[in-house]
Amino acid sequence: MAFHKVSPSSHSVTIPHVKVNHIHRTSYHFQPKQNWINDPNAPMYYKGFYHFFCQYNPKGAIWGNIVWAHSVSRDMINWMSLKPAIVPSRWFDKYGCWSGSATILPGDRPVILYTGVINEKPDPGYQVQNYAIPANYSDPYLEKWIKPNDNPILKPTKEINVSSFRDPSTAWFNNGYWKMLIGSRHYDRGIAYLYRSRDFVKWTRVEHPFHDKPGTGMWECPDFYPVSSPGRKNGLDTSMLHEDAKYVFKVSLDETRNEYYTIGEYDMANDRYLPYNTSIDGWAGLPYDYGNFYASKTFFDPVKKRRILWGWANESSTEDEDIAKGWAGIQLIPRMIWLDPKGKQLLQWPIQELETLRNHKMKLRNVKLNKGDIIKVEGITGAQADVVVRFTFASLSKAEEYNRNWDDKFPPQDLAKDICGIKGATVQGGLGPFGILTLASKNLEEYTPVFFRVFKTRDHERYKVLMCSDATLSSNNKDEYKPSFGGFVGVNLTDHRKLRLRSLIDHSVVESFGEGGKTVITSRVYPKMAVAGDAHLFLFNNGSETVTVERLKAWSMKASAMN
């Protein structure tokens with residue numbers, strides 16, 4: 001499901017009206033009442049409201065006719081939709097208003113930067129950069145936006161690929177200039193170009209790239225922001241100078257449909273980003289999410305002093321199925337992100353406001369899971385739940401040997417995913433697999449397991465913890481894309497023999513957070529039997545080492561407001 005998947009006449013395609021199918025629609029994730037959505041754009045806070053924009057097709061459930069949908073919220077959970085903020089209307093965005101970002105200028109003046117498409121050729125379109133400003137700064141809803149006549153503010157110069165020049169970032173200010181990034185490529189080299197301006201209208205490209213990397217392909221949706229010192233949860237405003245801060249640079253990979261980020265330093269004098277050697281800079285770099293997650297965007301929340309991450313999860317169903325059900329794409333629950341205590345990766349956690357939707361609650365304590373045990377979790381709505389569980393185990397001695405041949409057999413960016421594919425929940429092990437079976441039918445004809453498996457390494461003193469979310473058995477529908485996703489969890493088990501898991505289950509999506517948000521995996525699934533009241537939740541262990549559910553808390557979730 002490509003971000004810019006171009007079908008014949010896709011820029012103006014209209015899908016016949018169909019009755020929306022609600023079987024797999026989410027209840028507490030952001031999605032419009034019908035039609036297609038993709039990239040989150042320009043989230044921001046303004047005059048008492050969180051504003052959220054995203055790419056939207058008002059005419060159908062496939063990509064095309066792209067406008068900027070606009071919604072507002074007091075809490076980022078319950079939303080009120082407004083009319084689209086930006087639609088193709090001028091020569092500089094005639095064929096599409098693509099992704100961009102928001103920046104709050106001094107005096108509390110928001111401005112949107114976005115990519116406009118001025119010609120359908122070359123595929124996926126000839127791209128320029130535009131800006132839009134509110135018609136009325138006193139309007140807290142920002143319902144009307146103006147595109148000034150001096151657009152476009154940037155056109156690709158002769159050395160830039162005109163069809164690979166998009167997605168302006170949130171701007172920041174230092175050394176007397178505003179700075180922004182635009183994603184691009186030169187052959188297989190991913191590039192983030194840096195532009196600077198004194199007035200936010202006339203922009204000049206810096207001669208050298210802000211950052212680039214050969215072999216990574218087109219960089220979409222670049223994001224750059226400071227983070228507080230390791231372990232501190234407070235966020236930092238992108239537009240402010242932070243000389244002692246560490247910085248995060250993220251790109252979305254057009255070629256693989258994955259993302260990765262690095263942590264590094266910002267050379268302010270030379271306007272270059274320098275990743276630390278502790279970060280892998282390439283396809284095998286750290287992703288926010290090892291599953292169905294793309295085109296992410298962060299923003300600084302000035303109210304609660306935190307950095308918030310938005311990400312889009314596309315469908316794993318076929319295009320024909322999307323058209324039949326009348327909708328495609330959801331936004332995942334906003335996540336708070338911060339640097340972990342060791343400073344080597346980010347931690348992620350659903351925003352606290354989500355907990356206002358928790359309803360019926362049930363608890364379990366000290367439940368032993370022997371090899372082959374499957375225990376149903378009673379008392380909650382299996383299709384719409386928030387589950388938090390802590391597993392413990394007495395010994396590491398039964399952990400399987402890690403097969404070092406896997407390191408040569410599988411590409412590094414797919415290593416964990418591919419191991420999950422051959423070591424699924426049905427494959428017996430030593431310490432694991434153990435975890436939960438989500439969206440499961442009564443007799444387990446369908447289920448999506450989220451689980452851990454522990455391996456011991458060659459020196460027998462270090463352990464690898466694998467976390468998997470496996471959609472292989474999620475549906476009896478043979479037409480669905482049902483991948484197994486996986487990631488390793490950076491945790492030391494020798495001192496604390498515990499693993500924690502939280503899963504947000506919402507009809508066709510399972511968002512899972514391992515060990516406090518160190519590893520996050522999202523799966524999109526479409527069961528035929530395990531739907532609505534016929535969806536169940538189970539605990540399981542298929543390893544020879546007994547595992548104890550030290551504590552489980554689970555809540556049925558109320559639906560959020562999407563007006």
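I began with V389, which stands opposite L552 in β37. The model I am reading is a predicted one.

I looked up the pairing first. β27 and strand β37 (residues 547-557) are antiparallel, with nine bridges between them.

As a reminder to myself, strands of a sheet pair through backbone hydrogen bonds, in either a parallel or an antiparallel way.

**Entry: the nonpolar cores**

Which residues touch the most other members of the largest nonpolar core? I noted F391, F452, L499, L539 and L552, out of 41 residues in that core. Strand β27 (residues 384-393) gives this core its largest share, five residues. I also listed a second, separate core of 26 residues, with Y28, C54, F299 and L347 among them.

I then took L499 by itself. Leaving aside neighbours within four places in sequence, its contacts include V389, F391 and F393. The list also holds R390 and E515, as well as F434, F452, V454, V465, V491 and L493. In soluble globular proteins, nonpolar side chains tend to be buried together.

I moved to β16 (residues 246-253) and asked how many of its eight residues are buried. The count is seven, and I wrote the strand down as mostly covered.

On one pairing, strand β15 (residues 219-227) runs antiparallel to β16 over seven bridges. Within it I picked out D223, whose bridge partner in β16 is K250. On another pairing, β16 is joined to strand β17 (residues 258-267) by seven bridges, and these two also run antiparallel. Here L253 has N258 in β17 as its bridge partner. β16 and β17 make a hairpin with four residues between them. In the turn I noted R257, with a positive phi of about 65 degrees.

**Entry: a pocket and a cavity**

I looked up the second largest pocket and recorded a volume of about 350 Å³. Its lining has 20 residues, and A102, T103, I104, D237 and F300 lie nearest the centre. β1 (35-46), β5 (97-105), β15 and β19 (294-301) are the elements that give two or more residues to this lining. The largest share, four residues, comes from β19.

For cavities of 30 Å³ or more, I recorded a count of five. The second largest cavity has a volume of about 60 Å³. I found 14 residues lining it, with G100, S101, D167, C221 and K297 closest to its centre. β1, β5, β15 and β19 each supply at least two residues of the lining of this cavity.

**Entry: V531**

My last stop was V531, in the loop between β35 and β36 (536-541). Is V531 buried or exposed? V531 has a relative accessible area of 18%, and the cut-off for buried is under 20%, so V531 counts as buried.

What does V531 contact, leaving aside its neighbours within four places in sequence? I found I23 and H24. V531 and H24 are 507 residues apart in sequence, while their C-alpha atoms are 7.6 Å apart in space.

Methods: Residues numbered from 1 in each chain as written. Predicted model: local features only at pLDDT ≥ 70, side-chain atom pairs only at ≥ 80, totals over all residues. Heavy atoms only, no water. Buried < 20%, exposed > 50% of the residue type's maximum accessible area, 1.4 Å probe, protein only. Pairing = 2+ DSSP bridges. Core = buried A, V, L, I, M, F, W, Y, C linked by side-chain atoms within 4.5 Å. Contact = heavy atoms within 4.5 Å. 1 Å grid on protein atoms, 1.4 Å probe; cavity = no way out; pocket = protein on both sides within 12 Å on 5 of 7 lines; lining within 4 Å. Points joined across faces, edges and corners; volume = space filled by probe spheres on them.
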